[in-house]
Amino acid sequence: MGLDLRICPSCGDRADRPIVAGAELSCRKCGHEWPFRKLPLFALTGPSGAGKSTMGPLLADRLGGDVVVLEQDVLWVDALRDDVTAFRAVWLRMAAVLHQNGRPVVLCGTVAPPEFEPLPERAFFSDIHYLALVSTPESLGRRLRARPAWREWDEPRIEEMLEFNDWLQKSAEELGVDLFDTTDASTEATADHVEKWIRARLP
């Protein structure tokens with residue numbers, strides 16, 4: 001069984017759109033079939049400033065040994081910034097590779113179901129669970145304006161994030177996204193909630 005699930009371990013062909021039936025892959029070229037670990041992916045999403053990055057290290061400490069916690073921005077490099085779809089697909093492939101080690105991935109980053117669900121790589125996961133950390137616009141705006149200058153949070157960029165925050169809250173039920181408002185929640189209370197949410201959905 002190969003780690004890159006797009007590559008056939010028999011003939012070496014690479015599939016842009018893998019053939020998946022349950023937890024088994026098949027090669028379009030040679031017909032070879034092989035099993036893989038099909039685990040759930042946990043997307044801890046929400047606007048910038050809502051608390052995702054703060055949660056990352058806390059979740060890694062609390063859930064170490066049960067899941068792998070990753071920060072989405074690690075791969076936000078020049079080669080992928082011009083193609084956001086490719087950026088999302090690379091993350092799904094990376095998570096699927098890590099799943100072959102037996103532990104689900106918690107991905108901390110700004111993403112919404114319409115950006116993951118249509119991708120061919122979605123077939124590698126049993127489920128993708130989405131939890132969005134959100135806040136009031138006043139609180140979120142204050143947090144973003146207080147960030148260091150090197151993060152380059154100017155007013156147009158802040159307004160864009162406030163719109164995303166509003167859209168998430170209005171669309172959550174339709175999208176199948178769970179929400180947690182961090183406006184008045186302590187870091188500890190937020191971590192408690194997120195940990196409980198993940199543990200309730202672990203295989």
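Guide: A residue is called buried when its relative accessible area is under 20%, exposed when that area is over 50%, and partly exposed in between, computed with a 1.4 Å probe on the protein chains only. Helices (H or I, at least four residues) and strands (E, at least two) are DSSP runs, numbered from the N terminus. This is a predicted model, in which local features need pLDDT of at least 70 and side-chain atom pairs count only at pLDDT 80 or more, whereas totals for chains, interfaces and linings use all residues. Residues are numbered from 1 along each chain as its sequence is written, and side-chain values use heavy atoms, with hydrogens and water left out.

Visitor: Which residues of helix α5 are called buried?

Guide: In α5, residues 137-145, the buried residues are Ser139, Leu140, Gly141 and Leu144. An α-helix has 3.6 residues a turn, so residues three or four places apart point the same way. The cover over the buried residues of α5 includes α6, where contact means heavy atoms within 4.5 Å.

Visitor: What makes Leu133 count as buried?

Guide: The relative accessibility of Leu133 is 0%, which falls under the limit for buried, and Leu133 is therefore classed that way. Leu133 lies in strand β7, residues 128-134, and its contacts, not counting residues up to four places away in sequence, include Leu44, Lys52, Met55, Phe180 and Val194. Between Leu133 and Gln169 there are 36 residues in sequence and 9.6 Å in space, C-alpha to C-alpha.

Visitor: How do you know that β7 and β8 pair?

Guide: Two strands pair if DSSP finds at least two bridges between them; β7 and β8 have 5 bridges, in the parallel sense, and so they meet that condition. Phe180 in β8 is the bridge partner of Leu133. These strands belong to an open sheet of 5 strands with parallel pairing, in the order β5-β6-β4-β7-β8.

Visitor: Why are β5 and β8 said to stand at the edges?

Guide: Each of β5 (68-71) and β8 (177-181) has a single partner strand, so one side of each is left without a neighbour in the sheet. The twist in this sheet averages 20° from one strand to the next, on axes that are lines fitted to C-alpha atoms (for helices over the stretch in contact), with angles from 0 to 180 degrees between N-to-C directions. β5 is joined in parallel to β6, residues 105-108, by 4 bridges, and Val69 stands opposite Val106 there.

Visitor: What makes one face of β5 covered and the other uncovered?

Guide: In a regular strand the side chains alternate between the two faces of the sheet. In β5 the covered face holds Val68 and Leu70, while Val69 and Glu71 form the uncovered one.

Visitor: Why is Ser48 called buried?

Guide: Ser48 has a relative accessible area of 15%, which is below the buried limit, and so the word applies. Ser48 sits in the loop between β4 (41-45) and α1 (52-63). Beyond residues up to four places away in sequence, Ser48 touches Thr110, Leu140, Leu144, Arg147, Trp153 and Met161.

Visitor: What volume does the largest pocket have?

Guide: The largest pocket has a volume of about 1100 Å³. Of its 35 lining residues, Ser48, Asp73, Thr110, Trp153 and Arg157 are closest to the centre. A pocket, on a 1 Å grid over the protein atoms alone, is an open set of points with protein on both sides within 12 Å along at least five of seven lines, whereas a cavity is a set where a 1.4 Å probe fits but cannot get out; lining residues have an atom within 4 Å of a point. The lining of this pocket comprises 11 nonpolar, 12 polar and 12 charged residues. Here Ala, Val, Leu, Ile, Met, Phe, Trp, Tyr, Cys and Pro count as nonpolar, Asp, Glu, Lys and Arg as charged, and the others, Gly among them, as polar.

Visitor: What makes the phi of Glu152 a positive value?

Guide: Phi of Glu152 is near 60°, and Glu152 is a residue other than glycine. Most residues other than glycine have a negative phi, and most peptide bonds are trans. Glu152 is found in the loop between α5 and α6, and its relative accessible area of 60% passes the limit for exposed, so Glu152 is called exposed.

Conventions
Points joined across faces, edges and corners; volume = space filled by probe spheres on them.
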